[in-house]
Amino acid sequence: MIARPPFRNFCGRVHRREFLHQIGGGFTSLALAGMLSRDGAFAAGVSAANPLAPKQPQIPAKAKSVIFLFMYGGPSHVDTFDYKPKMYALDGKTVPIKTFGRGGKKNEGRVVGPKWKFKQYGQSGKWVSELFPNVAGVVDDLAFIHSMTADSPIHGSAMLMMNSGSLLSGKPSLGSWLNYGLGSLNENLPGYVVMLDKTGGPISGAKNWSSGFMPASYQGVVFRSKGSPILNLENRPGMDRLQQRSLLDFLGDINEGHLKGREHNSDLAARIASYELAYRMQANAPEAIDVDNEPQHIKDLYGMDGGRTDDFARKCILARRLVERGTRFIQVYSGGAHNDDNWDAHGDLVKNHEFHAGNTDKPIAGLIKDLKQRGLLDETLVIWGGEFGRQPTAEYAEGTGRDHNSAGFTMWMAGGGIKGGTSFGETDEYGGAAVKDRVQVKNLHATVLQQMGLDPNHLSYFYGGLDHKLVGVEGADPIQELIA
Amino acid sequence: MKELRLIAIASLLPVLSPCASGSEGVEFFRKEVKPILEENCFKCHGGLDDKGHPKVRGGLQLLSRKGLMIGGDHGPAINESDPSQSLLLEVLSYANEELQMPPRGKLPEEQLAKIARWVEMGAPWTPEDAELMVEIHDPLAGVTTVNEKTKGHWSYKPMERVDPPAVKDPAWSGNPVDAFVRAKLDEKGLQPVGEASRAALLRRLSYDLTGLPPSLEEIKAFESDTSPDAWSKQVDRLLASPHYGEKWARHWLDIVRYAESNGFERDNEKPFVWRYRDYVIRSFNEDKPYDRFLTEQIAGDELPDRTADSQIATGMLRLMAWDDEPADRLQHFHDVLDDNIRVVTEGFLAMTAGCARCHDHKGDPIPQSDYFKFASFFRGIEPMGRGGKQTQRIPTAEGPEGRAKELAALDAEEKEIRAWMATCEQGALGNLQRTNPELASRVSGKGEADRWLLTDARTRPTSWHYTLKEPAAEWSTVGFRADQAGWQQGLAGFGTAAPGVQAKTVWNGREIWLQTTFGLEAIPKSLLIHLYHDEDAEIYLNGQPVLQVSRYVTAYQKIPAPPAFLAALQTGRNVLAVHVRQTSGGQFFDLGLEVDAIVPADVVLKPEFRAVSRPDRENYRRKLNRLKEIDELRKSPGIEAMVITEVGPVPPPTHIHIRGSAHAEGEVVTPGFPVIWGGEAAEVPAPAEGATTSGRRLALSRWMTRPDHPRTARVMVNRIWHHHFGRGLSPTPNDFGFLGTPATHPELLDWLATEFVAKGWSMKAIHRLMLNSMTYRLASSSEPKAAAADPANELFWRFNPRRLTAEELRDSMLASTGEINLQMGGPSVFIPMPEEVLATSSTKGGKWGTSPPDQANRRSIYAKIKRSLQPPMFTDFDLADTDNPCPVRFTTTVPTQALAMMNSEFVHDKAKALAERVASEHPGDLQAQVRKAFELVVARTPDESELIRSLAFIGKMKNQHQLAPELALQRFAVAVFSFNEFFYLD
């Protein structure tokens, strides 16, 4: 969230350079510059007062905001965007293929042919399945990565990896890194917003939007698309805004009295200011999230019509409104909780994917079109994908369920300086594993950071004796082939 | 790490390497092979990045033949004596799953063939660059090797005790702490500010030692105490308070990243982990010598005089986040080990040894071998959850006769309970048959085929995989494939014979492990387990322990699947794994699973069946719970706790892991101490006959608690200073190395550390020394000259004010309303969690329970800490992160805090309670009510102007905002909780 002179203590991140800055900045103010990077890449232009104040990008930025449409549970790539025509004929046949999923490692399996037909769309002639007829209409704006790989085919660790770059819990998530590196453009709204599925959060809950060892100011704020969007944003019943103003005036009086003789403690003034800021947020946030007053043609575009697409449409519209207001990172979950409440189709693949794709196809296409018609797509990076994909073979003796697959899966990006109408990387003939131009999660993260104006290999945070980076200590290259 | 290395291109000498002289080979290389290497390898193995920094991934340079021969972290890339065995070829072939290059994808076969041919030729290279190496210059080399400079670094060299300097001011000469501090101030010509007021002092001291506010009476008593030792009496009084342990335990829990769940997908409970929390509280309250405190946590089970407490202490090594279903089990075992090594080295030694896991430390003289030598002390630790068991029973003293009596009584009690329950069930069924015959007919569960997920031997025996030999640790998990592990297959039931049943697959040994699978398209709401067991059985579903039964039965039991069982179900393939143990007599096991069956217990327990009276229903529920307890009590005496166990007296060898990968084992190391301190091997006495552990951890703690250890005492004394004075003498309490910040008062730190050891490692002795100083009693006010000269207060010319912690805020609010429940110890309680936060969990309600109101009002240290779900009131105010050691908490000031203080249900509830309290204590006297609210929250009475403003505000709420008097007073209470004076200690 937003802050005035923010914190003076660091959870173990205090080191010599920061302390020198602190001396210069007075005891209570934080020198953020020091903790940004020990090689000083950030030393200039950083406010010592506010951790979320806008900061100069390290490198020229192509995008200002990111919308990550997270298909939690793992959508099947061979049934959506990774066209494998030979698979249809193999349906039901057992083939030798190495797979590693929830059910362990196997050397052969019964092929489940793709359950939907594919057609070519757009100038690019991209093959898309019947699951996404609307998204198919905007394929020329999308850049597909068919060769994604992740280090784990298990939800818990794979979710953490896609969100924070590490299989282990405790690391800051992508949105935290962006806000840490860039600050927020709107102090009345959070810089990092997470919208969850109505069935609940993903597994590991808040760990997916945690700021890890960074201050909690950088963690994601959960937004709801109906009712009060943020916890404690609304007054308690019976307490109206006028009362609140009187209360703040009284509180201000008492606190001013207390401040006398303590002016040197700038935290005290910061606390007084934070109440006024919170009060302004309460006034401004409702307008920002008011999707009900969007014009009818916009609601129609997203499918905000009270039907099955309504919920995801509201979230996509809200995401666009937040982008317009400067929020840096917005993550929208399709799917929550466990089993078929998300894309985790172990049982009935057709039922599961028809449900989740049907709920999201139109809103996603609407978002792309709407961003484009407003001229926002150029500066908004949209990402679609899950923590992994699914196996080409069946998971057990009967049925169409597919197990998890982290050896090869598809994600796509759009906008924010990404080259639309392209496809990058390939999986093998079954879609079992990436074989050409393999992309690791850290390459995806590096691409996002670079488009946002941050150097993935020089954005670091000192903790526990190490300059941590989102892309890992060894660094990672962005996927240059996708850059427009 | 950041780029510490500079490049200096070596002179390009046209030296002809003997092997590269064949001109045909060189030409082949130049035309066919070099372009492949240039395109795919050079960039990361010797090339420069876009900023001109060299990249030498994995320590391997591929720009030259020389680079290939020297190789990288995994060894030479070319095997000259047997080229086909070259690492280069293995890596390029993608045969090794752990090491595949280039990372973007396997090279085409024809390119691989060319490279293989070239390697066979002896890897000839173009002569002009065959010896080219990028020279890496490391400017920090001076601090990463053992040399005079590193040995002389303040925290690597031995402690040095110098006498406190003489100071002129008599008020500053009595306490050595003051002498050291004042001497530095005098040196800089700075004057300390004066002493704080007594009210400010007692508020400061009460919070620092107990985390609770003083009462106004306590302040008044202190203010009117004219005796010369008035202050030290307060120090002694508060140090003797049991709440001291609660406050200081929390500081310790921050360092050991205490949490009560494992994190990751299921975020399951860490059972009985609260015993460790209580152990820490007890230890502080008892003033347990720190050397003992340390030893117990690392090796309490290996101590010759071990106690139940010393074993519970080893729970420290089980606190980390743990993935029960990792993609790479071997690597995760070592990740967990690493987590512990980081906590032990950073927490006790302020040494960031974790940085040396993948390579030599880049900022301290800690080579990678030091890390693994340190790791080997812990190598014997049994993996978490081996066989699903995370806890051990710690025997408590009890005679065999007493035990026999206890068991007989339990048997009698169980018999009686079961008889009563059977009668109750019969009555309930009879009632249901009258009111709802259709429902009643379903109760017995007719067993239509489609209702059975697994049929038992009575109808259609299920085929199971089984083994009689102890299987691998992961045998119960989803990923374990019994068919590939050589298990046999057989039809249920297993065993010999038992009353009414005959086994289909003979098992007549002690133990059997069974596994079968079933598919699910949708998750059923309830399940009935049909179970015949003789004797103890542990049942796992998808790797989760879901049911444990002990002893034997003589007929099939119908057991409603417990919540854990239902929670572990998943769509698709489900793996059911069972471990059965027999001690004497015959053996038998069979299990069936039936969907949506109604069992007699449901008829009693479900109110909608209206089959029994409410008191009967509640009684039945109590009896059910008692049966569970009886089962527990019967298993064995003693207390259950999460503790460390080892695999046996001889741990597996400890290998250096190349680049930190558990799959790339390097040389074997044995326990030893860091080279910067001599690097001697640890002397681990041979384990005694019958020992269950190696004794290595005890050897380590003996070394760490040597009185002359250069770190242990300094580190703890610095932590105590940090919590009293707002920052440590070294401001980086977890890092005393070259990347940390040196102590501002090194002589004082050493003096205190040696004093700590001399006083028998008594923490309370050190508290007394610090708290009885003038330095601690200084006001927090400022003074222009000193502020200009030393704005950061490096020299302690004034006291650093501080904000209350998250726990102190909540506890103080509860204390002010009088609702606080100061009961100590025991299982953690659930404090109310807002719906909005519960909704972020993947499970309904987030497995967050409800505690009765008096329990929910316990002190914050007793609140449940779940890794994936934390009360916003705590996280908003900078609670320590649960996954990393937290030596210094953040203190942020952000608007979400203001929103919580103005609009949260918790604050408004407390405001209501505070308003009601003051109104009931001073009925009809608004002035007295306002005074009392000030007194309860900020421990003083308001001055005239504050009183007038408060009354005016309440009046405005009543008149202008039309609020009822009690509501107006509540609004006032909301404001009081937001006073800066409440949040900050002077």
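1. Helices (H or I, at least four residues) and strands (E, at least two) are DSSP runs, numbered from the N terminus. By this rule B:Phe264 sits in the loop between α11 and α12 of chain B. Its phi is near 65°, positive although the residue is not glycine. B:Phe264 is buried, with 27 C-beta neighbours inside 10 Å; buried means 20 or more other C-beta atoms within 10 Å of a residue's own, with C-beta atoms placed from the backbone.

2. This is a predicted model, in which local features need pLDDT of at least 70 and side-chain atom pairs count only at pLDDT 80 or more, while totals for chains, interfaces and linings use all residues. Residues are numbered from 1 along each chain as its sequence is written, and chains are lettered from A in the order in which they are written.

3. B:Arg257 lies in the loop between α11 (242–255) and α12 (274–285) of chain B.

4. Two cis peptide bonds deserve a check. One runs from B:Met101 to B:Pro102, with omega near -10°; B:Pro102 belongs to the loop between α3 (87–93) and α4 (109–120) of chain B. Another joins B:Asp534 and B:Glu535, with omega about 10°, and B:Glu535 is in the loop between β14 (527–534) and β15 (537–541) of chain B.

5. Chain A has twelve helices and 19 strands. Of its 484 residues, 67% count as buried.

Conventions:
A residue is buried if 20 or more other C-beta atoms lie within 10 Å of its own, exposed if 12 or fewer, and partly exposed in between; C-beta atoms are placed from the backbone.
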